[in-house]
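Dear colleague,

Please find below the structure that I am handing over to you, with its sequence. My findings follow directly after it.

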Amino acid sequence: MAKGKDVRVRVILECTSCVRNGVNKESRGISRYITQKNRHNTPSRLELRKFCPYCYTHTIHGEIKK
């Protein structure tokens with residue numbers, strides 16, 4: 001039988017430097033990635049270094065609410 005809450009959940013990662021600086025006039029938007037995490041192993045918010053096509057560098061992408 002399936003449980004009500006799945007162990008693996010889908011999370012959205014958003015570029016923190018684009019959000020913090022506001023969207024620059026040159027950039028077209030905010031970089032977002034979709035991934036999965038295990039709720040039991042990682043109860044806190046996830047932060048990964050990913051490539052931001054708007055900043056043209058690798059930056060920290062943090063988990064946001066859906």
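Among contacts (heavy atoms within 4.5 Å) in the protein chain between residues at least 6 apart in sequence, 50% join residues at least 24 apart. The model is a predicted one, in which local features need pLDDT of at least 70 and side-chain atom pairs count only at pLDDT 80 or more, whereas totals for chains, interfaces and linings use all residues. Residues are numbered from 1 along each chain as its sequence is written, and side-chain values use heavy atoms, with hydrogens and water left out.

The protein chain contains 1 helix and 4 strands, and from the N terminus on these elements follow the order β-α-β-β-β. Helices (H or I, at least four residues) and strands (E, at least two) are DSSP runs, numbered from the N terminus. Of the 66 residues, 26% count as buried, where buried means under 20% relative accessible area, exposed over 50%, and partly exposed in between (1.4 Å probe, protein chains only). The protein chain exposes about 5400 Å², of which carbon and sulfur atoms supply 50%; accessible areas come from the Shrake-Rupley method with a 1.4 Å probe, and for residues only the protein chains shown count as cover.

The sheet comes next. The 4 strands form an open sheet in the order S2-S1-S4-S3, with antiparallel pairing. Strand S2 (32-38) and S3 are the edge strands, each pairing on one side only. From one strand to the next, the twist averages 45°, with axes being lines fitted to C-alpha atoms (for helices over the stretch in contact) and angles running from 0 to 180 degrees between N-to-C directions. Two strands are taken to pair if DSSP finds at least two bridges between them.

Strand S4 covers residues 57-64. Strand S1 (residues 8-15) runs antiparallel to S4 and is joined to it by 4 bridges. Glu14 has Gly62 in S4 as its bridge partner, and Ile12 stands opposite Ile64 in S4. Strand S3 (residues 47-52) pairs with S4 in the antiparallel sense over 6 bridges. Here the S4 bridge partner of Glu47 is Gly62, while that of Phe51 is His58. The hairpin of S3 and S4 has 4 residues between the strands, and Tyr56 takes a positive phi near 60° in this hairpin.

Is Thr59 buried or exposed? Thr59 counts as buried because its relative accessibility is 12%. Not counting residues up to four places away in sequence, Thr59 touches Cys15, Ser17, Leu48, Arg49, Lys50 and Cys52. His58 is likewise found in strand S4. Leaving aside neighbours within four places in sequence, His58 is in contact with Arg49, Lys50 and Phe51. The C-alpha atoms of His58 and Cys15 are separated by 9.5 Å, and these residues are 43 apart along the chain.

Yours sincerely
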